Amino acid sequence: MTAPARSREPVMRMAVHHLSLPVRRPRDHGIGRVAETIEIVLLRLETAGGLVGWGEASPWSVFTGTAEAAAAALDRYLRPLILGADPRGLAGLMAQADKTLVGHPEAKAAMETAFLDLLGRMSGLPVCALLGGQCRERIALSVSLADPDFAADLDLLVQIRAEGVGIVKVKTGTKDHAFDLERLERLRADHGDLDIRVDYNQGLAAHEALRRLRDVEAFQVTFIEQPVPGGEREVMADLTAALDTPILADESVFGPEDAIRAARDRVADLFSVKIMKSGGPRRGLEVAAIGAAAGIACYGGDMFESGVAHLAGTHMIAAAPNISLGCEFYQARWYLLHDVLANPFPIQDGHVIVPETPGLGIEVDEDVVRAHALTTREESA
Ligand SMILES: [Mg+2]
């Protein structure tokens, strides 16, 4: 006997929280430093039946956009679509969001995540089941080393290795080439079995890239991420052809439109998939599918996120066989001073464990949200 279908469950209330969350240490990247706090936007939706769903926008001003823009996108431009909407119309709603507002992928990721969370709670299914079904129960976790004080990163490495982490991503192109090579040499010498990747975050100029990357190749890194600016796709393609080490495109590939061009032009050997670039998990799966069709494996990247966005990414990767290179959802555990989830983001033996409970699978601690909110806008239908 089948259960009766649940009746319409329209969204009756929405709240947009712009948060500032303190972080543990400064971090350097090829495109800039992050220190003291990160800013995110949390979207809380509540249905007529009292179900609550959450989504997160995690912009970075030098990469995808600003928290202020994401908050305004949700509160002003997407609100008329969200209030009164039934989560079962998700695909149609997201198509309308694209017609209503150009760009703003982080705000659209928050919207789609909150609706997926609601759909999961309505159906009793985890989000990965709604995204097509689960292909993995856990995801290998990479932790990024980006501290300007390398000694602090070595201390962190001892801690994360004791907890089973076997992958690190070194943020290169921040100070000088010698600093990058010294760090790689030390890591290789002390941790021979470590899976090391490097990420330049666009930090190299085209004319210097090939020689420097040839030096890096000597350390047997698994991949080299985004060595030059995202728009320099021809340079990316040249480096991909010239080097033995796989090149991974991050800033060069946001959504499916970028992915199909990058696959055609062999801009990279690998893609980083992020819900904040693609505009939500469903479009992230489209990027992964294009990669799969072109023989391009994918990696589960992230921005500076809380556990809510980590969970959305986790469910996307759990439903994507081609996102096979692990993920970097470490901030909730090792970077934020306080995450917003009521229970710790699930990490065990160096892997993210995919939640099996309905929706995203972990509740948000609303006291933490209120304590860190710079602004909150609430509206009812
Ligand atoms: Mg990157």
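1. Basis. The model is predicted, so local features need pLDDT of at least 70 and side-chain atom pairs count only at pLDDT 80 or more, while totals for chains, interfaces and linings use all residues. Residue numbers start from 1 along each chain as its sequence is written. Helices (H or I, at least four residues) and strands (E, at least two) are DSSP runs, numbered from the N terminus.

2. How helix pairs are described. Two packed helices are described by the angle between their axes and the distance between the axes. Axes are lines fitted to C-alpha atoms, for helices over the stretch in contact, and angles run from 0 to 180 degrees between N-to-C directions. Angles under 35 degrees count as roughly parallel, over 145 as roughly antiparallel, 65 to 115 as roughly perpendicular and the rest as oblique.

3. Helices α1 and α3. The axes of α1 (residues 67-82) and α3 (residues 105-123) come within 9 Å, crossing at roughly 50 degrees. The two helices are therefore oblique to each other. Their crossing is right-handed; a crossing has that hand if the near helix is turned clockwise from the far one by less than a right angle, and is left-handed if anticlockwise. From α1, the residues A70, A73, L74, L78 and I82 meet E106, A107, A110 and M111 of α3. Contact here means that two C-beta atoms, placed from the backbone, lie within 7 Å. By class, this contact of α1 with α3 has eight nonpolar, no polar and one charged residues. Nonpolar covers Ala, Val, Leu, Ile, Met, Phe, Trp, Tyr, Cys and Pro, charged covers Asp, Glu, Lys and Arg, and the others, Gly among them, are polar.

4. Helices α2 and α3. Helix α2 (residues 90-100) packs with α3 at an angle of about 165 degrees, the axes being 11 Å apart. That makes α2 roughly antiparallel to α3. The crossing of α2 past α3 is right-handed. On the α2 side the contact uses L90, L93, M94 and A97, and on the α3 side K108, M111, E112, F115 and L119. Sorted by class, the contact of α2 with α3 has seven nonpolar, no polar and two charged residues. M111 of α3 takes part here and also in the contact with α1.

5. Helices α9 and α11. For α9 (residues 256-264) and α11 (residues 281-294), the axes come within 9 Å and cross at roughly 10 degrees. These helices are therefore roughly parallel to each other. P256, A259, I260 and A263 in α9 meet R283, E286, V287, I290, G291 and A294 in α11. The contact of α9 with α11 has seven nonpolar, one polar and two charged residues.

6. Helix α12. This helix (residues 307-318) has twelve residues and spans 16 Å from its first C-alpha to its last, close to the 16 Å expected at 1.5 Å a residue. The expected span is 1.5 Å times one less than the number of residues. Are the residues of α12 buried or exposed? Twelve of its twelve residues are buried, among them H310, T314, H315 and M316. A residue is buried if 20 or more other C-beta atoms lie within 10 Å of its own, exposed if 12 or fewer, and partly exposed in between, with C-beta atoms placed from the backbone.

7. Positive phi. Which residues have a positive phi without being glycine? Q202 has a phi of about 75 degrees, and R266 has one near 45 degrees. Q202 sits in the loop between β9 and α7 (206-217) and counts as buried, with 22 C-beta neighbours inside 10 Å. R266 is in the loop between α9 and β12 (270-273) and counts as partly exposed, with 15 such neighbours inside 10 Å.

8. Residue L194. This residue lies in the loop between α6 (177-190) and β9 (195-199). L194 is partly exposed, with 15 other C-beta atoms within 10 Å. Not counting residues up to four places away in sequence, L194 touches G166, V168 and L187. L194 and S142 are 52 residues apart along the chain, and their C-alpha atoms are separated by 11 Å.

9. E185 is in helix α6 and is exposed, with 12 other C-beta atoms within 10 Å. F150 lies in helix α5 (residues 150-162) and is partly exposed, with 16 C-beta neighbours inside 10 Å. F150 and A109 are 41 residues apart in sequence and 34 Å apart in space, C-alpha to C-alpha.
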